[in-house]
Amino acid sequence: MAVSMRDIKRKITSIQKTQQITKAMKMVAAAKLRKTQEAALIFKPYITKLEQMIASLVSSTSHQDNKMLLFRDVKSVDIIVITSDRGLCGAFNHNVLKETEHFIKNKLQGKDVNLVLIGRFAYNYFKFRGIKPKETYTDVLKDKAEYSTASDIMEKVIADFLDEKSDEVYIIYNRFVNVLVQKPTIKKVLPIYIGDTVPSEKGMVEKFDFEPDKETVLEELLPKYVKMELYGSMLESLAGEYAARMTAMDAATNNAAEMIKTLTLEFNKARQASITKELIEITTSIEAMKQ
């Protein structure tokens, strides 16, 4: 019984140490989530205004020659898949990878699909299935999303699209809804579709002087817009990752508390049984001595 009690005590100590780690990881994830959310909140008004400005310029200029706005027959598709580099975040990566497979199988049959992978999980997942990606970027989303990183990645993707090596470009990532919900999302970024975008205030574009002209400004803005789309997706994905990790670590901490409670009860029962056994042995010895 003594050995059993020692084993239980050892288990309780081990679980308590694990609980301290999961609790610390939860606090770190919560702090990083807050910073990423702040960055995302600052970003949203900017991208909204940029979309409106582009919509206004498109409606007031001749853009028939701009390849980034032209739709063509789709033979080859580039998909940028964003996952995390580290685990311990529940089904966060699994959901976005399953969404990618489902999209390729059901929407892109017969087309040449090339994967641009961001995150170690995406790389390992497709490597295990024998799929060679077009490009892989790992450890670029360790602590925060950088616009310069998004710009470098998108530069090559845009170049391939303009050279007609790809006819469409999608981003698949986890969109941050709230701390408990991260929704796998498919976003088409090339060619740029501005049909649903509400232009800026009517006549606003006419209030400005564009140098050298509107067409040139539009040509400069379109690649920046696509890069910003990737940057925004990276921000959303990172926020979702931290939220998923925070939730997973909270669940792990609670599970550890339940296990400690159960083992403590088991330990107390074992100790009580040991004491009872010793009392019985003492009483029996006393009675034997009286005889």
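Predicted model: local features only at pLDDT ≥ 70, side-chain atom pairs only at ≥ 80, totals over all residues.
Q: Quick one to start: what relative accessibility does K32 have?
A: K32 comes out at 24%, so it counts as partly exposed. On this scale, buried is under 20% relative accessible area, exposed is over 50%, and partly exposed is in between, using a 1.4 Å probe and protein chains only.

Q: OK. Which residue does K32 form a salt bridge with?
A: D143, and the closest N and O atoms are 2.9 Å apart. A salt bridge here is a side-chain nitrogen of Lys or Arg within 4 Å of a carboxyl oxygen of Asp or Glu.

Q: And where do K32 and D143 lie?
A: K32 is in helix α1, whereas D143 is in the loop between β3 (135-137) and α4 (147-162), so the pair ties together parts 111 residues apart in sequence. Helices (H or I, at least four residues) and strands (E, at least two) are DSSP runs, numbered from the N terminus. D143 is partly exposed too, at 45% relative accessibility.

Q: How many salt bridges are there by that rule?
A: The count is 17.

Q: Which residues are linked with K134 in a network of salt bridges?
A: D78 and D160. In the K134 and D160 pair, the closest N and O atoms are 2.7 Å apart. K134 sits in the loop between α3 (120-128) and β3, and D160 in helix α4, so this bridge ties together parts 26 residues apart in sequence.

Q: Is D160 buried or exposed?
A: Buried, with a relative accessible area of 14%. K134 is partly exposed at 30%.

Q: What about K227, which residue does it pair with?
A: E155, again by a salt bridge, with the closest N and O atoms 2.7 Å apart. E155 is in helix α4 and K227 in helix α5, 72 residues apart, so to speak distant parts of the chain. K227 is buried at 10% relative accessible area, while E155 is partly exposed at 45%.

Q: Changing topic: what volume does the largest pocket have?
A: About 180 Å³. It has 14 lining residues, and the closest to its centre are F43, K44, I47, K187 and E236. The elements giving two or more residues to that lining are α1 (2-60) and α5 (214-290).

Q: What counts as a pocket?
A: On a 1 Å grid over the protein atoms alone, a pocket is an open set of points where a 1.4 Å probe fits, with protein on both sides within 12 Å along at least five of seven lines; lining residues have an atom within 4 Å of a point. The volume is the space filled by probe spheres set on the points.

Q: Which residues make the nonpolar surface patch?
A: V177, V179, L180 and V181, covering about 330 Å². Patch residues have over 30% relative accessible area and no salt bridge, and nonpolar side chains (Val, Leu, Ile, Met, Phe, Trp, Tyr) are joined within 5 Å. The areas come from the Shrake-Rupley method with a 1.4 Å probe. V179 is in the loop between β4 (168-176) and β5 (182-190), and is partly exposed at 31% relative accessibility.

Notes. Residues numbered from 1 in each chain as written. Heavy atoms only, no water. Patch = residues over 30% accessible without salt bridge, like charges linked within 9 Å, V, L, I, M, F, W, Y side chains within 5 Å.
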